[in-house]
Amino acid sequence: MSTKNVIVALDIGTTKVCTLIAHKTSKSIEILGVGSHPSNGLKKGSVVNIEKTVESIRNSIEEAKLMAGIEELESASIGIAGNHIYCFNSSGVVPVKNKEINQSDVDRVIEAAKAVLIPSDREILHVIPQEFKVDNTVGIKNPIGMCGSRLEVNVHIVTGKTPLIQNLIKCVEQAGLIANSIILQPIASSRSVLTTEEKELGVVLIDIGGGTTDVAVWKDGSLIHSQIIPLGGNHFTNDLAVALKIPHNEAERIKLAHGTVLNQTQLNETYLTVQGLSGTRPREVSMGYIAEVLGSRAEEMFNVVREMILEKNLQAEITGGFVLTGGGALIRHLPEMAEYILEKPVKVGYPTAFGGMTSAMQHPKFSTVLGLLQESNKFSEASTRDEKIQDESDMFDKLGKSLKNVFKEIF
Ligand SMILES: Nc1ncnc2c1ncn2[C@@H]1O[C@H](COP(=O)(O)OP(=O)(O)OP(=O)(O)O)[C@@H](O)[C@H]1O
Ligand SMILES: [Mg+2]
């Protein structure tokens with residue numbers, strides 16, 4: 001098959017590297033191949049071992065290629081997270097040149113919003129328009145064709161540390177692919193899990209991965225805040241391993257099979273047999289103790305989210321509540337615990353199905369890679385059509401088209 005209409009998404013996570021290969025038509029995307037391989041070279045979302053990361057990426061790509069029956073791939077959209085990511089809001093204003101606003105006015109006002117001081121070791125990953133203001137009219141999503149003399153824009157800017165971004169790009173290149181776009185992971189997960197209505201109403205996506213928890217806050221259809229919290233499912237497993245004095249893989253097994261974050265009285269009378277560290281005998285531990293250990297980590301995590309919401313003054317914006325996704329979202333009773341701490345409705349978000357998606361893929365741990373594929377489809381569409389902004393999301397396509405282009409423009 002020719003690679004012309006083939007798109008590839010690569011989610012390089014802390015616990016797994018996942019590759020999706022799909023065929024795109026003008027109307028749909030059809031998944032052809034899936035590869036998922038354990039990831040060994042990342043910590044808290046950042047590459048700490050290039051060799052191991054490259055190997056995981058290669059294996060994941062090979063698996064997907066084999067399934068898709070494709071031998072050569074050129075490029076992929078890749079996700080980025082890690083606690084080096086820093087996001088903030090900015091704004092810009094320009095006079096309109098010819099009374100009627102055109103593409104070049106929009107480009108200029110976004111340039112103006114990007115003109116902020118960024119530390120020399122940081123780079124801009126995304127500049128996402130939230131809303132435009134034409135003279136005194138606010139809340140405009142697409143100002144092109146409108147009349148006015150002054151154009152303003154509010155944008156959300158996502159930055160990351162240059163060396164860590166370059167490490168990620170380097171790993172992808174060494175595995176034989178070009179990183180054609182780099183997309184913030186919670187933006188990708190939001191794409192596959194949240195509905196347009198939820199994003200309009202005001203919703204917080206919490207993607208609980210292995211090494212990080214990625215947060216994206218949406219209101220009126222726009223991304224208004226994003227943050228990466230360096231806490232994930234692995235911390236729950238490590239806590240269990242330490243508290244029960246058991247090996248890490250046994251702690252992971254217990255967490256997946258019996259883990260809950262709510263200690264109910266009857267759990268104190270239920271006992272589980274756990275394998276001890278090598279040389280020690282299996283022991284009995286109460287389910288109540290396991291719930292206590294996992295519960296205190298969950299409490300810590302949701303308190304960090306709560307603090308973030310309070311600090312950014314976002315309480316009033318979140319009418320639609322919170323949506324948990326990522327593999328870590330599946331620990332039992334996590335939504336109940338989150339509801340108690342965050343005082344809003346909370347649910348687990350599963351990726352929305354589309355062409356070629358098997359039921360095995362409808363798991364929260366695949367939200368990011370499925371969203372990356374959908375976002376990457378937008379990027380490739382944007383590069384083949386007229387660069388005309390039709391709506392706010394198209395604007396995001398165009399601006400995020402290539403990380404390298406953005407770097408070139410700014411530095
Ligand atoms: N059924 C389950 N119950 C509880 N936890 C689960 C379940 N399935 C997966 N997990 C946990 O989800 C985490 C992995 O999630 P995910 O695959 O989304 O992470 P990742 O993308 O590799 O990491 P990151 O996004 O942090 O870089 C692990 O900690 C794993 O234990
Ligand atoms: Mg992830």
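**Strand pairing, domains and ligand shell of the predicted model**

Strands (E, at least two residues) and helices (H or I, at least four residues) are DSSP runs numbered from the N terminus, and two strands pair if DSSP finds at least two bridges between them. The model is predicted: local features need pLDDT of at least 70 and side-chain atom pairs count only at pLDDT 80 or more, whereas totals for chains, interfaces and linings use all residues. Residues are numbered from 1 along each chain as its sequence is written, while chains are lettered from A and ligands numbered from 1 in the order in which they are written.

Strand 8 and strand 9 form a hairpin with two residues between the strands, and in this hairpin D135 adopts a positive phi near 50°. Strand 8 is also joined to strand 10 (residues 150-161), with 11 bridges in an antiparallel arrangement. Within that pairing, K133 has E152 of strand 10 as its bridge partner.

In the protein as a whole, 12 helices and 18 strands were assigned. The radius of gyration is 22 Å, close to the 22 Å given by the globule rule for 411 residues, so the protein is as compact as a globular protein of that length. The radius is taken over C-alpha atoms, and the rule is 2.2 Å times the number of residues to the power 0.38. Along the principal axes, the C-alpha atoms occupy a box of roughly 80 × 50 × 40 Å. Buried residues make up 48% of the 411 residues; a residue counts as buried if 20 or more other C-beta atoms, placed from the backbone, lie within 10 Å of its own C-beta atom, as exposed if there are 12 or fewer, and as partly exposed in between. Of the contacts between residues at least 6 apart in sequence, 69% link residues at least 24 apart, a contact being a pair of C-beta atoms, placed from the backbone, within 7 Å.

Six residues of domain 1 and seven residues of domain 2 take part in the contact. On the side of domain 1 that touches domain 2, helix 3 (162-174) and strand 11 (178-184) each provide at least two residues. Helix 3 gives the largest share of that side, three residues. By class, the side of domain 1 that touches domain 2 has five nonpolar residues, one polar and no charged; Ala, Val, Leu, Ile, Met, Phe, Trp, Tyr, Cys and Pro count as nonpolar, Asp, Glu, Lys and Arg as charged, and the others, Gly among them, as polar.

Strand 1 (residues 6-12) has seven of its seven residues buried, so it is largely enclosed by the rest of the structure. In a regular strand, side chains alternate between the two faces of the sheet. From strand 1, V6, V8, L10 and I12 point one way, and I7, A9 and D11 point the other way. Strand 1 runs antiparallel to strand 2 (residues 16-24), to which seven bridges join it, and the two strands make a hairpin with three residues between them. Strand 1 is also parallel to strand 6 (residues 75-80), with two bridges; A9 has S77 of strand 6 as its bridge partner.

T19 lies in strand 2, where it stands opposite L10. T19 is buried, with 31 other C-beta atoms within 10 Å. Apart from neighbours within four places in sequence, its contacts are V8, L10, G35, S60, I61 and A64. The C-alpha atoms of T19 and V158 are 24 Å apart, with 139 residues separating the two along the chain.

Helix 4 (residues 185-193) is mostly covered, with nine of its nine residues buried. Among them are Q185, R191 and V193.

Around ligand 1 there are 25 residues, of which G13, T15, G209, G233 and G327 come nearest; a residue is near a molecule if its C-beta atom, placed from the backbone, lies within 6 Å of it. Helix 6 (233-244) and helix 7 (248-258) each contribute at least two residues to the shell. The shell around ligand 1 consists of four nonpolar, 17 polar and four charged residues.

Definitions and conventions: Two residues are in contact if their C-beta atoms, placed from the backbone, lie within 7 Å.
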